[in-house]
Structures are given as structure tokens and as C-alpha cells.
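Here is a short briefing on one protein chain. Take a look at the model first, then read the points below.

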Amino acid sequence: MASSTIELLKEELPVNQESLVLSEDVKTGLVLVDIVNGFCTVGSGNLAPTQPDEQISGMVDESVKLARVFCEKKWPIFAFLDSHHPDIPEPPYPPHCIAGTNESKLVPALEWLENEPNATLRCKDCIDGFLGSIEKDGSNLFIDWVRNNQIKKILVVGICTDVCVLDFVCSTLSARNRGLLVPLEDVIVYSNGCATFDLPIHVANTMKDAIAHPQELMHHIGLYIAKGRGANVVSEVSFGA
């Protein structure tokens, strides 16, 4: 899609973004959505990038920076890892992030999180991490994480902006509005800490049942819908005293 067309659409569908300063005064948790090899590492599966991707690598870099600071401060982190049973498909997507494979593991730059005491890792077998946190007994690991840590804000980063990130954000906002996530107040999406995949129309046209997915536009639309549902979208994140 021509950049002039995308810029025009952004003017018609603006996403006003602020700068975020995090401090000790308000308990904040970091949520990492699906920063796994199967979505982020070149050549690591059906839904991984086929060549280096600037938006995805930038998202990984920003997420790693935030995770490092949160761990230094011993602030809570919740990381979703897309992880599917090989015999249970997820239409309309091809098999991806099969449990137990390298695809379902955190990207190399985040593997260290597995040993961090303030990080909770959750394998999920569906797009929406909020639903993917439901246990067999009906409890919800994400809800418990918010309550146990008395989190008032969550900062969300990951992939894909308009798919797994958006679905999780929308469900979380609905749950917050229904009083299921006390004391959570704000759901914040960091735009530079999110990314989505690129499937130009000329490529989609060569694939059976594929739908075009221009990366920059769909990233923007994901942010636009999240903001429309009540999330705060920020372009910068810094840490105050």
C-alpha cells in the first residue's frame, strides 16, 4: 500500500499518543504478548517473518529494554507464549507455535526471563491471552496476577498489534469494566513496543484463501481500535523517581 494512502488514512483515523512516565507511586505490571520465535524470528515457522523485519525487531528491542528495567526494579511481568497442541488447529491460521518446539519459546533476547522470579510465563493456545489464562477449575491466572500484585496499571507490548495484542487488550478492558480486575485502572499500549506481520496484496493474491495484511496500516488500525475501546496508547516510556 502506498505510503501516501497510509498517511491519508492516519489523518482520517488519528491515534493521539502521549509519553508515559512510570514511577514507584503506582503499581505497574508489564505484559508481553507472544514475543516468541514462531512470530518474531526469521524462518521459525509458518507465521514467522521470512526476512528481517524492522518493525518486529524494533518491537523486540523495546520489549527487552522494558523487561530489563522491570526486573531491576522487581516489578511484576506477565509473558504470554503462544503454544498449540499439534492436533488442535486454530483457523484460519496454518499450524504454528506447536507446544514443545522452538517456535513456542521466547525469542533468544528474552530467554533469560524464564529464570526471573518476578516474571510469570503463561502458555496460551488461543489468540486472546485473557481467555487463554483460564484454568480448568475456572480460575484465571492473569486475574490472579493482577490481584495478587495489586496492579493498577498494565503496560502491554508484543505481537500482533491488531490480533493477539488487540484481543487481549479488549478483553482486559471489558473485564476491568465489570469489576473482575480490581484494582486495575489503566491498560496502556506502547506503540513502539508492538508490531504486526506484513502480507502485501501482491503476495496474498498468490496464496489460497489469504487476506492482504499491510503491516504499517494494520499496526495503526490495531492501535486505533485499542484506543477506541479505552486503552491509553503511548509513544514513549520512561521511568521517574
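How far apart are the mean positions of the positive and negative charges of the protein chain? The distance is 7 Å, for 18 positive and 32 negative charges. Lys and Arg count as positive and Asp and Glu as negative, with His and the chain ends not counted. Each charge is placed at NZ of Lys, CZ of Arg, CG of Asp or CD of Glu.

This is a predicted model; local features need pLDDT of at least 70, side-chain atom pairs need pLDDT 80 or more, and totals for chains, interfaces and linings use all residues. Residues are numbered from 1 along each chain as its sequence is written, and side-chain values use heavy atoms, without hydrogens and water.

**Fold and shape**
- The protein chain has eight helices and seven strands (DSSP runs: H or I of at least four residues for helices, E of at least two for strands).
- Its radius of gyration, over C-alpha atoms, is 17 Å, close to the 18 Å from the globule rule for 241 residues, so the chain is as compact as a globular protein of that length. That rule is 2.2 Å times the number of residues to the power 0.38.

**Burial**
- Of the 241 residues, 48% are buried (under 20% relative accessible area, 1.4 Å probe, protein chains only).

**Cysteines**
- The whole structure has zero disulfides (cysteine sulfur pairs within 2.5 Å).
- C71 is buried at 11% relative accessibility. Its sulfur lies 18 Å from the closest cysteine sulfur, in C123, too far for a bond.
- C97 is buried at 0%. Its closest cysteine sulfur, in C40, is 8.7 Å away, too far for a bond.

Terms used
Buried means under 20% relative accessible area, exposed over 50%, partly exposed in between (1.4 Å probe, protein chains only).
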